[in-house]
Amino acid sequence: MNDFYGIDPKAPSNLSELSGLIRLFSPSEGRFIADFPMGWANELREHMSSLSDLCRMATVETWIQLSGYAILPTKKLYRSNLTWAENASFLKSDVVKLIDPTGKISNTVEPLDHILSEPNAFRDSRAGLIPRTSSAYAEIARPILLRSRKVVLIDPFLTFRHIPDNSNQWKYDRRRTVIEAMLKIAFQGKYVECFEIFYVPENNIYGSDFLDEDLKELVRQIGFTKIHVAAKPIKKETNTKQHTRYLLGLKSGLHFDHGFDTYDDGSKNHIQWMSPSVLDPLLEKFT
């Protein structure tokens with residue numbers, strides 16, 4: 001899940017190869033492209049403009065915009081005095097595959113035309129069983145936290161507080177650490193402008209009145225000043241169990257099968273990138 005690829009922006013030799021490439025990195029596929037060199041989308045745009053006429057460039061631009069969410073930063077430095085294939089050796093340890101136009105320069109780089117025609121060239125990256133830890137949840141959400149200006153978390157049972165058995169004093173809930181880890185990644189990326197939580201107050205009588213206040217206090221502690229945050233109550237739907245939880249960006253979303261609670265017992269949570277048929281109604285309702 002969340003497979004990372006290094007792709008030469010000059011890899012597509014025509015519009016068909018570009019469209020085939022972008023489909024493999026659609027919002028529901030769980031695959032991502034290294035921004036290598038930095039400004040990868042602009043490099044791709046310039047390359048395609050040399051291959052396509054003005055009429056087709058409108059289509060090219062549409063494909064490039066669709067791929068924007070899937071381009072993630074890398075810490076590897078691109079050296080301008082080297083070719084992309086030569087630079088790719090520095091990226092090799094961070095990616096599943098390296099892809100260029102020909103694959104002839106190195107046996108570690110595969111040609112785009114070959115992998116587009118090979119049925120098993122790309123493994124399934126749409127879902128996974130993820131450790132139930134705050135760091136694992138935040139890492140799996142990294143593509144949304146680094147590339148969406150608005151992020152929405154939907155959890156009818158979310159709270160930052162709970163009262164342990166045989167106690168009259170509330171304590172911070174484990175789920176607070178999950179939101180903290182996510183917000184820290186968003187803070188590092190400096191792209192998210194709005195983070196909202198939707199919850200059902202009736203599901204937690206102790207902490208629901210304080211969730212908005214606790215969220216804003218958490219953001220202050222992190223030092224994330226350039227972000228709007230809010231916790232918004234929603235009505236409980238009596239005809240559903242409301243078990244599943246979601247994390248949404250503006251173009252993609254993750255389904256968390258067992259919510260955002262954490263355990264250190266080695267248990268796993270089934271997490272999946274959502275298809276448009278499931279995602280679009282949620283985006284319409286919550287974003």
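Me: Let's start with Glu29 and Arg31: buried or exposed?
Reply: Both Glu29 and Arg31 are buried. Buried is under 20% relative accessible area, exposed is over 50%, and partly exposed is in between, with a 1.4 Å probe and protein chains only. Keep in mind that this is a predicted model: local features need pLDDT of at least 70, side-chain atom pairs count only at pLDDT 80 or more, and totals for chains, interfaces and linings use all residues. Residues are numbered from 1 along each chain as its sequence is written, and side-chain values use heavy atoms, with hydrogens and water left out.

Me: And what does Glu29 form with Arg31?
Reply: A salt bridge, with the closest N and O atoms 3.5 Å apart. The term takes a side-chain nitrogen of Lys or Arg within 4 Å of a carboxyl oxygen of Asp or Glu.

Me: How many salt bridges does that rule give?
Reply: The count comes to 18. One of them joins Arg142 and Glu139 at 2.6 Å, N to O. Arg142 counts as partly exposed because its relative accessibility is 25%, and Glu139 is partly exposed too, at 41%.

Me: Which parts of the chain does the Asp214 and Arg161 pair link?
Reply: Asp214 is in helix 9 (residues 211-222) and Arg161 in strand 8 (residues 161-162), 53 residues apart. Helices (H or I, at least four residues) and strands (E, at least two) are DSSP runs, numbered from the N terminus. The two side chains meet in a salt bridge of 2.8 Å, N to O. Asp214 counts as buried at 5% relative accessibility, as does Arg161 at 8%.

Me: Where does the charged end of Arg161 sit?
Reply: Over the ring of Phe210, 4.0 Å from its centre. For that, NZ of Lys or CZ of Arg must be within 6 Å of the ring centre and within 35 degrees of the ring normal.

Me: Switching to rings, how many aromatic pairs are there?
Reply: The structure holds 11. Rings of Phe, Tyr and Trp (its six-membered ring) pair if their centres lie within 6.5 Å; planes under 30 degrees apart are stacked, over 60 edge-to-face, and the rest tilted. Among the pairs is Phe25 with Phe122, edge-to-face at 6.4 Å centre to centre and 85° between the planes. Phe25 and Phe122 are both buried.

Me: Which residues do ring pairs link into a cluster?
Reply: Tyr5, Phe25 and Phe122.
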